[in-house]
Amino acid sequence: MGINLQKGQKISLDKEAGSTLTKIVMGLGWDPVKTKGFMGFGSKQQEVDLDASCVLFNDQNQPTDVVWFRQLQSRDGSIVHTGDNRTGAGDGDDEQIIVDLSRVPGGVKSLVFVVNSFTGQNFSQIDNATCRLVNASNNQEVARYNLTTQGSHTANVMAKLYRHNNEWKMHAIGENCSGRTFQDLMPFISPHL
């Protein structure tokens, strides 16, 4: 089990994994919201469409590419989104973004992962929302970040992977914000670059 990240915490990915990481998976998981029926009898599930996105930035903190539900692969092929889950149904990760760190171009300084509620529910209405970082070579969880918090926000700037002294590090940003897509979140990402 990986470490539970706190808002603002920074970690060395290699140190936490115990070896040099070359391929990681950022997994996003959540559950549909269960709503009570009339006078508490019967319940149903309300579908929630969370979306995970990864924005790539260069040394000048300018976006160079993005991986999201409308573009499932970076132009260089180093980052792949496994596809859009529109309900949150099922166990484990509902969406994954796979990053081959060894193939991320040298001009890319940081990767910022965001999550947003495309259907507009705020996080106080979403159950068990978490993101996690997994070492793809052995499927071991390196770190986990709990996204479920009480509040009226509909998005979160989750984490930033960045190069520092030829090593990839992770910063758990955890900034709550509002927006339906990564484009809406760009003003919230900028201060963390």
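Let me begin with a definition: a residue is buried under 20% relative accessible area, exposed over 50%, and partly exposed in between, with a 1.4 Å probe and protein chains only. By that rule F69, at 18% relative accessibility, counts as buried, and W68 is likewise buried at 8%.

This is a predicted model, in which local features need pLDDT of at least 70, side-chain atom pairs count only at pLDDT 80 or more, and totals for chains, interfaces and linings use all residues. Residues are numbered from 1 along each chain as its sequence is written, and side-chain values use heavy atoms, with hydrogens and water left out.

Rings of Phe, Tyr and Trp (its six-membered ring) pair if their centres lie within 6.5 Å; planes under 30 degrees apart are stacked, over 60 edge-to-face, and the rest tilted. The whole structure holds three aromatic pairs.

F118, at 22% relative accessibility, counts as partly exposed. W68, F69, F118 and F182 form one aromatic cluster.

Finally, the charges. A charge sits over a ring if NZ of Lys or CZ of Arg is within 6 Å of the ring centre and within 35 degrees of the ring normal. R180 lies over the face of F118, 4.2 Å from the ring centre. The charged end of K160 sits over the ring of Y162, at 5.0 Å from its centre.
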